[in-house]
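Hello,

Here is the structure for you to look through. My notes follow below it.

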Amino acid sequence: MAMDPHHPTPAYLSFWRERHLCTLTTLRANGTPHVVPVGVTYDPEAGVARVLASRSSAKVRHVLAAAGGTEGPGARVAVCQVDGRRWATLEGYACVRTEDAEIAEGERRYEERYERAPRLNPHRVVIEIRLTRAMGARVLNEA
């Protein structure tokens, strides 16, 4: 079931605030999916999800290539989390943020959600996803 990612139900938002490992799906140059485990933070007010990454990672290379570099329109990506029969997916256009303030914000939100500071990484960037769609099961209308 789909919904507006800018206006999630309380149950959907609550699920995204729980501590869960997620996946990020990017596309390789040949169009095949590349799926990796990540931590994700969801900010419906800003309409974005954030993933911390190392500048040299495959996921960052895929986003940069599909987005047309740092100035392109963005790469189509999805992030998902699952807990038993509950699942939620966020889709959108990703770009790579390298600004110190954006990285600090990504780290702050990661620490808030996962209740621990991310490991030190001098090559850290943030994959920022401008959300276009949200969907899930058993998390849309729960009390």
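Start with two tyrosines: Tyr12 is buried, and so is Tyr42 (buried means under 20% relative accessible area with a 1.4 Å probe, protein chains only). This is a predicted model, so local features need pLDDT of at least 70 and side-chain atom pairs pLDDT 80 or more, while totals for chains, interfaces and linings use all residues. Numbering runs from 1 along each chain as its sequence is written, and side-chain values use heavy atoms, without hydrogens or water.

Aromatic pairs: there are three (ring centres within 6.5 Å, using the six-membered ring of Trp; planes under 30 degrees apart are stacked, over 60 edge-to-face, the rest tilted). Tyr12 and Tyr42 are edge-to-face, because their planes stand at 90 degrees, with centres 6.3 Å apart. The two lie 30 residues apart, Tyr12 in helix α1 (residues 10-17) and Tyr42 in strand β4 (residues 41-43). Helices (H or I, at least four residues) and strands (E, at least two) are DSSP runs, numbered from the N terminus. Ring pairs join Tyr12, Trp16 and Tyr42 into a cluster.

Core: the largest nonpolar core has 35 residues, and Tyr12, Trp16, Leu90, Ile127 and Ile129 have the most contacts inside it. Such a core is a set of buried Ala, Val, Leu, Ile, Met, Phe, Trp, Tyr and Cys residues joined through side-chain atoms within 4.5 Å.

Helix α2 (residues 58-67): Lys59, Val60, His62, Val63 and Ala67 are buried. They share one side of α2, because their arc around the axis is only 160 degrees (taken from the directions from the helix axis to the C-beta atoms).

Best wishes

Definitions and conventions. Buried < 20%, exposed > 50% of the residue type's maximum accessible area, 1.4 Å probe, protein only.
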